[in-house]
Amino acid sequence: MLKRVHFPTSLLPYLLVAPQVIITLIFFIWPASQAVYQSFLIEDAFGMSTEFVWFENFTYLATDEQYLGSFGRTIFFSVCVAFLSMSAALILAGFADRIVRGATTYRTLLIWPYAVAPVLAGALWVFMFNPTLGIFPYILEFIGVDWNHYLNGNQAMALVIFAAAWKQIAYNFLFYLAAMQSIPRSLIEAAAIDGAGPVRRFWDHIFPLISPTTFFLLVINAVYAFFDTFGIIHAVTQGGPANATTILVYKVYNDGFVGLDLGGSAAQSVILMFLVIAMTVVQFRYVERKVEY
Amino acid sequence: MASITMKDLVKAYGNVEVLHHVAGEIEDGELIVIVGPSGCGKSTLLRMIAGLETITSGDVKIGDKIVNDLEPAERDIAMVFQNYALYPHMSVRENMAYGLKIRKIAKDEIEQRVQEAADILEIREYLDRKPRQLSGGQRQRVAMGRAIVRNPQVFLFDEPLSNLDAKLRVQMRLEIRKLQQRLGVTSIYVTHDQVEAMTLGDRLMVLNGGYVEQFGTPIELYNRPATLFVAGFIGSPSMNFLPATADSGILKFGKAASIPSANHAAGAVTLGIRPEHLVHDDAGPIKITVQMSEHLGANTLIHGVLEGTDTDFVASMLGHVTADPGSTMSFSALTENLHIFDAASGKRIEG
């Protein structure tokens with residue numbers, strides 16, 4: 001065994017990590033512990049008195065049909081967003097990888113949507129799909145679709161899924177393209193000589209070889225759909241109609257700041273916090289592993 | 001099995017021509033080595049034959065079919081890459097079977113052909129391993145196995161041994177040669193290593209700067225190099241060159257030294273003499289100021305300069321020869337071992 005190097009104890013290392021520790025304490029540990037504490041309280045509607053109730057907020061959530069419905073919707077929403085944005089990004093990256101001329105131009109253009117703020121992305125889609133003045137409802141009318149996401153919950157859900165997926169394509173595209181470009185060219189050429197056409201080469205070689213990236217993106221996209229889509233939903237549907245697009249993170253906001261049920265809202269955010277922790281653990285345990293070859 | 005014909009092949013990237021009108025015929029069952037320094041276009045030429053690079057102009061014929069516009073898969077070729085290009089996510093067996101599977105060959109026939117190839121290459125016990133669990137030499141064998149199971153008309157080798165250590169390289173070189181002779185498949189082998197080229201090839205095509213310098217058997221290239229470049233490239237240690245003036249059968253060089261020659265050349269020439277053709281002769285016309293000697297065991301390399309000039313000179317003597325730095329040694333050479341090249345064009349002047 002190698003001898004470990006010993007440095008004389010001094011204050012310096014503690015000073016150097018202090019800023020990071022302070023930031024974490026102030027902006028994460030403190031609010032998180034406040035949320036946990038708050039989730040054990042019930043306030044009256046006027047904020048005059050609070051009562052410590054242990055897990056009553058949580059047991060109530062476990063039986064609340066609206067909350068459980070929102071849970072199911074969130075999972076459906078996340079699966080759709082992840083699948084749509086990842087498959088679109090995969091196709092785009094597959095084509096961008098084959099291009100030689102003008103590759104940087106295409107790449108730059110495809111990355112742009114990522115620079116759009118979520119609320120603005122939502123606003124764009126609201127205008128495009130506005131039932132009275134949007135271009136898409138006008139076009140959809142020709143094929144017999146009566147579009148009104150203010151009234152039709154399924155259409156509202158579809159709209160936020162598209163908007164959220166569209167925004168994430170650029171991010172996924174970047175990772176997929178980088179993964180594809182790290183595959184040795186000669187490997188693909190060997191497959192071509194072996195007689196595999198472009199589609200076959202993609203499914204037999206490129207797709208399996210970028211599977212670590214796919215898994216990584218799956219976790220990232222799930223986290224994105226769970227937590228970062230608040231802005232889009234707030235701008236497009238505000239959780240409506242009739243809660244059809246109220247996913248968990250939107251319900252936290254709605255119950256807390258609109259419904260003023262601070263304890264219930266805190267309990268929901270504590271549940272979400274544990275979900276994030278679980279996903280992060282999954283990511284570190286399995287994704288950080290190196291590619292198998 | 002098939003012959004390959006290259007007719008007036010040109011490769012250009014935009015306005016930059018990198019291969020200039022390459023032509024040559026490769027007979028059925030022959031092993032041709034394309035050799036040249038890096039950047040000479042040898043890999044590009046191979047990739048054009050494989051169909052991995054487009055052909056700017058000219059024709060490539062495999063058998064009697066022009067294949068210019070065919071996909072690599074349709075040319076009935078197999079290629080061994082420098083980095084082996086094995087599929088990392090597939091086992092050795094799957095790697096070898098992949099090309100056959102795509103051609104929709106029956107399962108038991110695939111298995112039989114993979115087993116046969118594995119026996120030939122002695123990789124039977126590795127069939128279920130992944131490429132990353134193999135050593136460099138074993139990967140090289142798998143890459144060759146993947147080529148031979150397909151039973152193609154042509155093998156293409158793109159510097160297949162350059163990632164191996166020296167000892168393994170010599171061993172694999174012999175094996176490639178044996179395998180090629182046994183299967184009788186027309187092969188093109190690209191390398192920058194002249195020893196590999198000399199030992200492997202039925203014929204060598206020496207490329208330099210996109211031009212074919214010479215295309216012939218190893219012995220032809222050694223005995224009668226067509227240009228200064230070939231003369232310097234083939235043979236190790238490489239040929240000595242001295243500026244000389246030819247005048248009615250006498251070559252004058254260095255400081256008032258001269259040697260008779262049977263060549264009719266006149267005027268400024270470059271005289272080439274291989275180090276191993278120099279004979280120690282105290283009355284010889286070639287006088288060398290010794291700088292250092294290298295003892296290789298079987299022979300001794302004496303490095304020095306031509307007396308009174310700064311032209312580098314190497315002589316290879318059999319056995320152990322002692323030569324003190326600073327001393328002068330004299331050599332002579334047989335007339336038929338003198339190579340005379342035009343000083344301006346570098347082309348060989350035939351006697």
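How much area do chain B and chain A bury between them? About 1800 Å², with 60% of it on carbon and sulfur atoms. Buried area here is the accessible area, taken with a 1.4 Å probe, that two parts lose on being put together, summed over both.

Hello everyone, and a quick word on the ground rules. This is a predicted model, where local features need pLDDT of at least 70 and side-chain atom pairs count only at pLDDT 80 or more, while totals for chains, interfaces and linings use all residues. Residues are numbered from 1 along each chain as its sequence is written, chains are lettered from A and ligands numbered from 1 in the order in which they are written, and side-chain values use heavy atoms, leaving out hydrogens and water.

Back to the interface. Chain B brings 24 residues to the contact and chain A brings 18, where contact means heavy atoms within 4.5 Å. On the chain B side, B:Pro88, B:His89 and B:Tyr98 lose the most area to chain A, together 27% of what that side buries.

What about charges? The rule finds two salt bridges across the interface; a salt bridge is a side-chain nitrogen of Lys or Arg within 4 Å of a carboxyl oxygen of Asp or Glu. In a salt bridge you can look up, the side chains of A:Glu189 and B:Arg47 meet at 2.6 Å, N to O.

Which elements of chain B give two or more residues to the side that touches chain A? They are helix H1 (42–50), strand E6 (77–80) and helix H2 (92–102). Helices (H or I, at least four residues) and strands (E, at least two) are DSSP runs, numbered from the N terminus. The largest share, four residues, comes from H2(B).

Now please turn to a sheet in chain B. This open sheet has five strands in the order E13-E12-E11-E14-E20, with antiparallel pairing; two strands pair if DSSP finds at least two bridges between them. Its edge strands are E13 (257–260) and E20 (339–342), each pairing on one side only. Four bridges join strand E12 (250–253) of chain B to E13(B), and B:Leu251 has B:Ile259 as its bridge partner in E13(B).

Finally, some backbone details. Most residues other than glycine have a negative phi, and most peptide bonds are trans. The bond from B:Ser236 to B:Pro237, however, is cis, with omega near -5°. B:Pro237 sits in the loop between helix H8 (228–233) and strand E11 (240–247) of chain B. Over in chain A, A:Asn243 has a positive phi, near 65°, and lies in the loop between helix H11 (230–236) and helix H12 (248–258).
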